[in-house]
Amino acid sequence: MNASGLIQIGLILLCITTIFSIQCNHLPVQQRKVVENSLQLLDKMGKRFPQQCLREKMSFRFPKQVLKPRQKETVKVAIEEIFQHIFYIFSKNLTLAAWNGTALEQFQNGLYQQIEQLEACVIKKHTHYFRSKEVNRLKLKKYFHKIDCFLNDKQHSLCSWEISRAEMRRCLQLIDKVIRKLNN
Ligand SMILES: *[C@@H]1O[C@H](CO)[C@@H](O)[C@H](O)[C@H]1NC(C)=O
Ligand SMILES: *[C@@H]1O[C@H](CO)[C@@H](O)[C@H](O)[C@H]1NC(C)=O
């Protein structure tokens with residue numbers, strides 16, 4: 001390879017790194033956007049909560065303490081984990097939910113893109129946080145595991161999905177509040 005080829009590669013790498021760090025700097029803004037979009041899409045993908053599902057309602061008890069912002073980085077990591085869990089939940093069998101496929105896809109894509117970016121920005125830089133925040137991690141795991149089991153037990157019925165969708169909305173609303181506080 002000649003010198004100009006190398007320079008070109010160097011320039012491309014420089015651009016990628018610059019774009020990358022810009023994106024990482026805007027992480028809180030992006031997180032907020034993703035949460036806002038996801039909330040809108042959750043509402044768009046289905047109708048109002050069906051009355052007939054009321055009696056199947058469950059309380060999953062979101063572990064609020066994982067979002068108590070003592071350290072911004074810790075909260076960011078927790079939010080990242082929550083996004084991953086939500087993405088996982090919404091990759092289950094959605095046939096009976098009968099939601100708007102376009103809105104659902106946009107919801108999944110939005111989360112996925114954000115997960116990829118956050119992984120690059122947060123996790124790799126702060127691996128030590130993950131180890132020190134094992135307690136929070138387990139709490140989140142337990143919470144989402146409960147939802148997962150609930151969906152499995154109900155064989156991903158329409159009501160189990162509507163109840164989970166309502167739960168995820170509450171969860172994202174909580175995150176929305178926390179992000180607003182962090183950014184102020
Ligand atoms: C999803 O659930 C529906 C309805 O219970 C079932 O007919 C279908 O086979 C399931 N699909 C997968 C991929 O498991
Ligand atoms: C489904 O959602 C998309 C995107 O949010 C929207 O444009 C479309 O009108 C919706 N379709 C129905 C049938 O509600």
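## Exercises: packing around helix α6

Y143, F144, I147, F150 and L151 of α6 meet S160, W161, I163, S164, E167, M168 and C171 of α7; contact means heavy atoms within 4.5 Å. This is a predicted model, where local features need pLDDT of at least 70 and side-chain atom pairs count only at pLDDT 80 or more. Residues are numbered from 1 along each chain, and side-chain values use heavy atoms, without hydrogens and water.

**Exercise 1.** Classify the packing of α6 and α7 by angle and handedness.

*Solution.* 
1. Take the axes: they lie 9 Å apart, at an angle of about 160°. Axes are lines fitted to C-alpha atoms, with angles from 0 to 180 degrees between N-to-C directions.
2. Apply the cut-off: over 145 degrees counts as roughly antiparallel, under 35 as roughly parallel. Therefore α6 is roughly antiparallel to α7.
3. Assign the hand: the crossing is left-handed.
4. Sort the contact residues: nine are nonpolar, two polar and one charged.

**Exercise 2.** Do likewise for α3 (residues 72–89) and α6 (residues 134–153).

*Solution.* 
1. The axes come within 11 Å and cross at roughly 15°.
2. So α3 is roughly parallel to α6.
3. The crossing is right-handed.
4. Contact residues include I82, H85, I86 and I89 of α3 and L140, F144 and I147 of α6.
5. The contact of α3 with α6 holds nine nonpolar, three polar and four charged residues.

Key. Chains lettered and ligands numbered in written order. Helix = DSSP H or I, 4+ residues; strand = E, 2+ residues; numbered from the N terminus. Parallel < 35°, antiparallel > 145°, perpendicular 65-115°, else oblique. Left-handed = near helix turned anticlockwise from the far one by under 90°. Nonpolar A, V, L, I, M, F, W, Y, C, P; charged D, E, K, R; others polar.
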